[in-house]
Amino acid sequence: MSRFRRRIMGLLCLALSILCGCSVRQTSVEYVIGVSLANLQEQWRLVLKDELEAEAEKYDGVRLVITDAAGDSEKQESDVERLMSYGIDLLIISPSDVEALTPVISRTYEKIPVIVLDRAMEGYDYSLFIGPDNDLIGRQAGKTVLELLAEDGISGASVLEMKNNSFASESRSAEFVKTVSESGIATRSIDLPEATRDCAEDTLLASPELLEGIDVIFAHNDYMAYGARLALDKLGISGIRIVGLDGFSGENGGLQLVEQGAIDATVTCPTGGTEAIRYAVDIMNQVSGIPKQIILRSHRIRPDNVTDYQKESRITGKPSVIRVGYAQIDEESHWRAACTDSIRQAAKDFDIDLTMEFTQPLVEEQTRLVQKFIDQDMDVIVVSPVVAEGWRPVLEEARKAGIPVLLVDRMVDEEEEMYTSFIGADFEEEGRRCARWLLHELPGQPIRVLELTGTEGSSPAQSRKIGFEEVIDGEPECEIAYSACGDFSREEGGRVMQEYLEEHNWDIDAIFAHNDDMALGTLEIMAEQGIRPGMDVKIMSVDGTSDALVALQAGKVNCVVECNPLLGPQLMKAITDLMQGKELPLRIITDESVFTKDTPRSQFQNRKY
Ligand code: GYE
């Protein structure tokens, strides 16, 4: 249904209502959002539906059309097609079986924006993914069980894990078992046919032997955890700790169960419903800078923090002007210059008082600068960490001072509780994209790769290497024959190439450079030796800077994987949201493209860096 017809329909409804003397809110419908839910049996889904409807209510011109697939993938596929036939403007889908639903999601994404919730799909044929980090949730549950056992002074304990064989449950379980087994804890896992309170209670009452030798029950949602509590009470068994998942508010929600002592702990698993509507409206209003993935934060809830967790605003007393201290790395690349400019411009646009200072690429210097920002009592501190290690002490100081720390561009190797949010790229995927292109470009032949790595110990260098090797590991003919650090700089990239040529006869088929500048630094040096870059040797790099795209269009570079440096708007929006008391996602992952000789010329225009 076109927007014009919807408006007419809205006016007809309005006229009819006035004739009937009904009071009515102006019903001009701007956007119709189709919502395809996997089922409405699981409590988690009911909470998701409530969140979607409650947030949509805040936007006059937004209407939802919700379908329930009742756990049937074929029905969900036909639900999506039916929603499309209604002429919806955007689809929000929480897939029942993400593999089975991928084709219809991809087809729909060709026509309208699609937001995928809860279960990430292979590939990137969607506008935005919003969901929790299921591996992290498993680790958090495991850590909580270990804490409880330590409090009880129990070693060599056993855990009864009550799962429901769902997609999320499997990844959470794997990380849970890995976490507790490292401390010698044995886990007995059972899959319940239904992830409900009654099913959990009936299962334990029917088979009390499941509880023999058990010190902790870990249930994959709070309803099953509550059922376990009821069963233990009926069996007259005490002394067994219970940990759940989801952490919802309300009657018999995990938060209430922890408050009442019915269960000992839970881990929150946010549904993303509120965020989905907010981003859906931004997408339909064509707001720029929409990320590709929003990974929601999950919290470990115990009796000593359950009350604080439920307090609405995490930041009290929003300052009139937000003071931000930013510890940036000295400019080592064109990418860094574009990132810095983006941050500065966005601070002006958002009217944020930004103090950006630069340091040598040394973690000691950066942490000293962060400590200075703490001493200056900044409202928010932002860091582009030069390397991943060495951050815990100063992050502890910031936490003691009650100052949120946001990571932009690069990640630190610390637990997720040590920082407020990460805004940047999926570096492993960038490495995978380079390798996938190479294997597609040179299929079935021996490939010797020269790798130019970025700053040693930095998260982009570490993760791009991991992603690249993950893909080529399955290809015995493809190997990294030589790897050396070019420190993300053009000059150093050229030096590495110079040294290689001095020490070896040329025997390289492809160059994998962790950034454009290092790749560009090799071109002239190879050309001087009669090696034609882009022809005699395939060149892949990451960033998507203008110089690299010029070289690509000249055929001297073959594949440029984008790593978007224009992080300013997302950062300043996140800071604004944070200071208004909203909880930030754990990770905000940017949307990125891949450029090759086949990329339409239009995609090279109007680039901002
Ligand atoms: O790829 C490189 C810069 O941290 C993602 O650092 C950033 C990397 C980028 O020097 O050009």
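## Starting at Asp577

Leaving aside its neighbours within four places in sequence, Asp577 is in contact with Lys582 and Leu584, where contact means heavy atoms within 4.5 Å. Asp577 itself sits in helix α20, residues 568-579. Helices (H or I, at least four residues) and strands (E, at least two) are DSSP runs, numbered from the N terminus. With 15% relative accessibility, Asp577 counts as buried. The cut-offs are these: buried is under 20% relative accessible area, exposed is over 50%, and partly exposed lies in between (1.4 Å probe, protein chains only).

A word on what you're looking at: this is a predicted model, in which local features need pLDDT of at least 70 and side-chain atom pairs count only at pLDDT 80 or more, while totals for chains, interfaces and linings use all residues. Residues are numbered from 1 along each chain as its sequence is written, and side-chain values use heavy atoms, with hydrogens and water left out.

## The nonpolar cores

The largest nonpolar core has 90 residues, and Ile92, Ile115, Leu438, Leu571 and Ile575 touch the most other members. Here a nonpolar core is a set of buried Ala, Val, Leu, Ile, Met, Phe, Trp, Tyr and Cys residues joined through side-chain atoms within 4.5 Å. Helix α10 (residues 273-284) gives this core its largest share, 7 residues. There's also a second, separate core of 30 residues, with Leu450, Leu552, Val557 and Phe595 among them.

Let's pick out Ile115. Leaving aside neighbours within four places in sequence, Ile115 is in contact with Leu90, Leu91, Ile92, Ile93, Leu128, Ile130, Ala276, Tyr279, Ala280 and Ile283.

## Ile93 in its strand

One of those partners of Ile115 is Ile93, which has its place in strand β3, residues 90-94. Ile93 is buried, with a relative accessible area of 0%. Beyond the neighbours within four places in sequence, the contacts of Ile93 include Ser36, Gln76, Val80, Leu101 and Ile105, plus the run Val114, Ile115, Val116 and Leu117. Ile93 and Tyr109 are 16 residues apart in sequence and 11 Å apart in space, C-alpha to C-alpha.

## Where α15 meets α16

Two packed helices are described by the angle between their axes and the distance between the axes. For helix α15 (residues 427-441) and helix α16 (residues 459-472), the axes come within 6 Å and cross at roughly 40°. Axes are lines fitted to C-alpha atoms, for helices over the stretch in contact, and angles run from 0 to 180 degrees between N-to-C directions. So α15 and α16 are oblique to each other: angles under 35 degrees count as roughly parallel, over 145 as roughly antiparallel, 65 to 115 as roughly perpendicular and the rest as oblique.

On the α15 side, the residues making the contact include Phe427, Arg432 and Leu438, and on the α16 side they include Pro460, Phe468 and Ile472. The residues of this contact divide into 10 nonpolar, 4 polar and 6 charged. In that count, Ala, Val, Leu, Ile, Met, Phe, Trp, Tyr, Cys and Pro are nonpolar, Asp, Glu, Lys and Arg are charged, and the others, Gly among them, are polar.

## Two positive phi angles

Ala70 isn't a glycine, yet has a positive phi of about 50°. Look for Ala70 in the loop between β2 (62-68) and α3 (73-85). Ala70 is partly exposed, with a relative accessible area of 43%.

Gln286, also a residue other than glycine, has a positive phi near 55°. Gln286 is in the loop between α10 and β11 (293-296), and at 71% relative accessibility Gln286 counts as exposed.
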